[in-house]
Number of protein chains: 2
Amino acid sequence: MDSKECVLSVAYNNRKEEVVCKKGTVLLEALTKEQTAFIDTPCGGKGLCGKCKVKAAGEGLPPLSEREQEKLTDQEIKEGYRLACLLKVEGDWSISIDAKISQATILEDGVEFDVELLPSIRKNYLEVTKPTLEDQRDDFSRIRDALNIKGFRMPLPELYHLPAVLREKDYAITVAHNKSYIIKVEPGNTEHLNYGIAVDIGTTTVVAFLLDLNTGRKMDAVSGLNSQKSFGQDVISRINHTLQKEEGLEHLHKRIITQINGMIWDLAEKNSISIDNIYSIVLAGNTTMMHLAAGLPPANIAASPFVPVIMDRLVEPAREVGIEIAKSGCAYFLPCISGYVGADIVAAILASGMTKKDELSLLIDIGTNGEIVLGNSESLVCCSTAAGPAFEGAHIQHGVGGIAGAINTVKLDSDKLAITTIADQRPLGICGSGIVDAAALLIKAGILDETGRLLSKEDAEKGNISLSEKLTEVESNPALVLAGKSEAKNSEPIFLTQKDIREVQLAKASIAAGIKTLIKDSGKSIEDIQQVYLAGGFGSFIDKTNAVVIGLIPKELEHKIKVIGNAAGTGAVMASFSESCLLDTDRIAKLARYLELSSSPAFQDEYIKNMYFGNS
Amino acid sequence: MDSKECVLSVAYNNRKEEVVCKKGTVLLEALTKEQTAFIDTPCGGKGLCGKCKVKAAGEGLPPLSEREQEKLTDQEIKEGYRLACLLKVEGDWSISIDAKISQATILEDGVEFDVELLPSIRKNYLEVTKPTLEDQRDDFSRIRDALNIKGFRMPLPELYHLPAVLREKDYAITVAHNKSYIIKVEPGNTEHLNYGIAVDIGTTTVVAFLLDLNTGRKMDAVSGLNSQKSFGQDVISRINHTLQKEEGLEHLHKRIITQINGMIWDLAEKNSISIDNIYSIVLAGNTTMMHLAAGLPPANIAASPFVPVIMDRLVEPAREVGIEIAKSGCAYFLPCISGYVGADIVAAILASGMTKKDELSLLIDIGTNGEIVLGNSESLVCCSTAAGPAFEGAHIQHGVGGIAGAINTVKLDSDKLAITTIADQRPLGICGSGIVDAAALLIKAGILDETGRLLSKEDAEKGNISLSEKLTEVESNPALVLAGKSEAKNSEPIFLTQKDIREVQLAKASIAAGIKTLIKDSGKSIEDIQQVYLAGGFGSFIDKTNAVVIGLIPKELEHKIKVIGNAAGTGAVMASFSESCLLDTDRIAKLARYLELSSSPAFQDEYIKNMYFGNS
């Protein structure tokens, strides 16, 4: 063996694996290169967030760096934790990765919907006339004539199989096709086997649905953290990866395609179907995720004026992008509206049905970004705010996504702080809905003032304020203790700090300002809005009243809120089941007008106004 | 080295090469596998034709087989010739291959033509508006809007490069596109670089043209023997190869694609252009050649009812079939009419212009098969006869194609037999036009009677018939000596034998019968025909009077014959230069009605009638 290679023994998720890498490789790279593990790296591996903790043991381990000493607790240091992004591999070490991040419980379900079941891809059983010396039509013409579709084409890989398939069951054949292409020919009658996949590629999480295109049944769903996460938590870090490394784009493209293929295999296996009977895949995601999935360079989305390569809906042979369904199956990439309002929002608009109605609706999707759409069947205006990460747990000291063990509600129970966690597990962090609850509670208790300042424990006790016993100090600033050392899963207290509150303040200000800017821009008043759709995982768990208390959503809209869950996923499913929905996405993308907030003085005004807590 | 491997030292065409193969490999396979050499194998390597002669020397050579003793002359045996198809490699031998077959001089030029220069693929220079915060359209939309073409698409590989190309010369860009697709984007103004390729894939020879799509200039042409020839001389042997070997189809597909790519490279290099500026390739060939070039299984063409996979014109990304031009360049496979009337005939019809006229025309293409078309702008009827091989030199003892050294005319000069050869080289065989001349001469001399019987030398001398001194006996039958041992290039006399005459008789009978069957079927009389187009290499050199003398062409048509050369190639060139010609090929294929002769009693009648020599 090359003396410059190191062999890591990696324990992860009850599995052990060997990872071979060059001496000197950054540990994080070595661990994520072959998709060995999902490691949470919100900062993109820059040593800033301290979330890529792994246990490392073995000879040649260098002493802790200053940064590691700063980011790791004494307990963690004692247990041998290191930051994978700061450590270069120097020997044949044993690495142990906490599996918490992979135990994601992610919202797979969206709203109920009602569409006409008429997918783009249909199957037809045909008993084709056999050739004779009097009827020497070629094989392809026999099928085209039988289907009676003009201007019809068949890809070469399918034509290749056609003669054999046609003759295998004596000219009885089933054809999977859309309006212009034959996707596949199968011997005999296989009309009953007609499946599709819909995928919502979130920056954080990926959800895939298996669909029975004959019955309109959502058969199954799987989800997982986006496997590109090790290249950065947000779209900008991922775009930077494509710029900094020559093969960066290919990395990210392959990552997501491999993940989607894995999900397809899982779904097919679990449901005992063949991937050869999956004829379509509909993909939704933000504009950058769509670029990465299609293998297109997203570089210019990152810098002003934020220009994508293409926003039209793409219809490509799935194999062209590496997706493994039936060989000539179709991949439909839903259209985007702008560099920061993507196909996920188009799909969410479709799912909300807002463009089918005359009444004015507002749609808010708080994911890694916060996108806001205002409109009806006549017009649509939308914007994107850099709001999301705080509500997804990023930039929050003990913030986590909507995973098992995340504190998702915080309230007072007989004057005592009471929390619940997702899946009722011991708490390991706080997610978006918990953050909103906690902030609202602090406001209501009088601990958090309009300007965003927390009272110190001392001052709170002086004022005899309830909850003051839960206050403490972190880095010389006040903080709320949500779970003590003994309660917390990682034996590490969970706080909400003054700094966290500042992050929430910025995030809620930008959402609220976005809403108000859209209303102003379209010449409407807040009273004109009849319905507010809250989409995304965060939206599903949020306490609406508390969202109003902290000023995330204007008070006037409190009773008009409808939670529509994973609306992007729902929209992708709808587009799979109904060609008319698929075509609606083109109409939605065309109807929508994008408002660029980065250059909007009106938004800046509102942003500063809405920085205050409470409903202005 | 593996002891079971043998290393052959192969001398060919002034080159020496090493060929490594497994012990026991048939020599022919070893020599042709890597396209080391073109070896003529009309019988498809079955030990029947005796044309795959190579010199072999070295240890372990087995004694001559009976078949080899039969097929090789004493001189050849003395010189060490063996039949490559019958010999298994047993040692590290030296092999020497006569290069005669590679010195092909093939008709590259067709008729003059006059088309409107408006190719499917055009180039447009654009100075695209730069993006700003007020104009955030994506890169693709900028180009689509600038070209003002709706429903326009761009393949992923081109979209991938778009952002970089657009910005390389400050949003000045040249777009190569057809009506629905962008083929390529290039930085700056490259409108002047716009090339296409047209290929005529004959069963025997392949001709490729390099075309300047801006000027309509035929810049250059190259030709070569079809590299699939080592798998059999005719379409049936090649189809059999796809049936007999699992990878047979792939072999043949790769062979022809590799050959075409080699020709493209040669043309590009010779003319100092880049293959990245070649945006289209138009392919013509018979139905089987088109299937093999597209990689489609031709199996069902071989057996009744002779059904192809597809006959429609195919438009495929060139890279999809392995053709190396600009990455997203288009390959246009011209349409076919039936299993035995292919895209070459469609192209020839286009080149003849017969469907543009009201007058009735007859088109005859005698290649490896003999295809005949009768019609005008209103109707077209066509057929195919298994006539060709004799006129291409196959099944004729000393028959060769139209190569240098082929006897191409035979006449009487002051009562003496006089021959000419292609390229004025010493004779090495006789090609189609020479065969027709010789047969006509023998008829006129009274040596060949109506029934096809040759007078013996003895009888001819008794009758005091001129030419009798040139008669001899081969295998106890009369034969005409065309070149004596001392004249012939291979020091081997060149005969036309009684058996050869029988082959000619069958071939001319089927062409003549085909013509008459078509006339009868379309309810016309021979006088209605205003023009006869003779296409193909054979047609170009044939003596029209002699063709009438032997009864190949009816006497009534003698003065209506127009030679149009490589009309298939010309048609492919026209379709490259003019989109309207390209679309005409679809119309021609649709207009044409195919008459299946194998089941036609009328044809059988005519066939027997026309078996006699002389014009019935």
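Q: How much area do chain B and chain A bury between them?
A: This is a predicted model, so take the figure as computed from it. Interface size is often given as the accessible area lost when the parts come together. Of the area lost here, 59% is on carbon and sulfur atoms, and chain B and chain A bury about 3400 Å² between them.

Q: Which residues of chain B lose the most area to chain A?
A: Chain B puts 42 residues into the contact, and chain A puts in 42 residues. Three on the chain B side stand out, together taking 19% of what that side buries: L133(B), Q136(B) and L156(B).

Q: How many salt bridges are there between chain B and chain A?
A: Take R319(B) and E320(A): their side chains meet N to O at 3.4 Å. A salt bridge needs that nitrogen within 4 Å of the carboxyl oxygen, so this pair qualifies. The count between the two chains is six.

Q: Which element gives the most to the side of chain B that touches chain A?
A: The elements giving two or more residues there are α4 (139–147), α5 (156–168) and β13 (314–317) of chain B. That side divides into 24 nonpolar, seven polar and 11 charged residues. With seven residues, the top contributor is α5(B).

Q: How is α9(A) oriented to α15(A): roughly parallel or roughly perpendicular?
A: The axes of α9 (343–352) and α15 (567–577) of chain A come within 7 Å and cross at roughly 75°. Angles of 65 to 115 degrees count as roughly perpendicular, so α9(A) is, relative to α15(A), roughly perpendicular.

Methods: Residues numbered from 1 in each chain as written. Chains lettered and ligands numbered in written order. Predicted model: local features only at pLDDT ≥ 70, side-chain atom pairs only at ≥ 80, totals over all residues. Heavy atoms only, no water. Axes fitted to C-alpha atoms, helices over the stretch in contact; angles between N-to-C directions. Helix = DSSP H or I, 4+ residues; strand = E, 2+ residues; numbered from the N terminus. Parallel < 35°, antiparallel > 145°, perpendicular 65-115°, else oblique. Contact = heavy atoms within 4.5 Å. Buried area = accessible area lost by both parts, 1.4 Å probe. Nonpolar A, V, L, I, M, F, W, Y, C, P; charged D, E, K, R; others polar.
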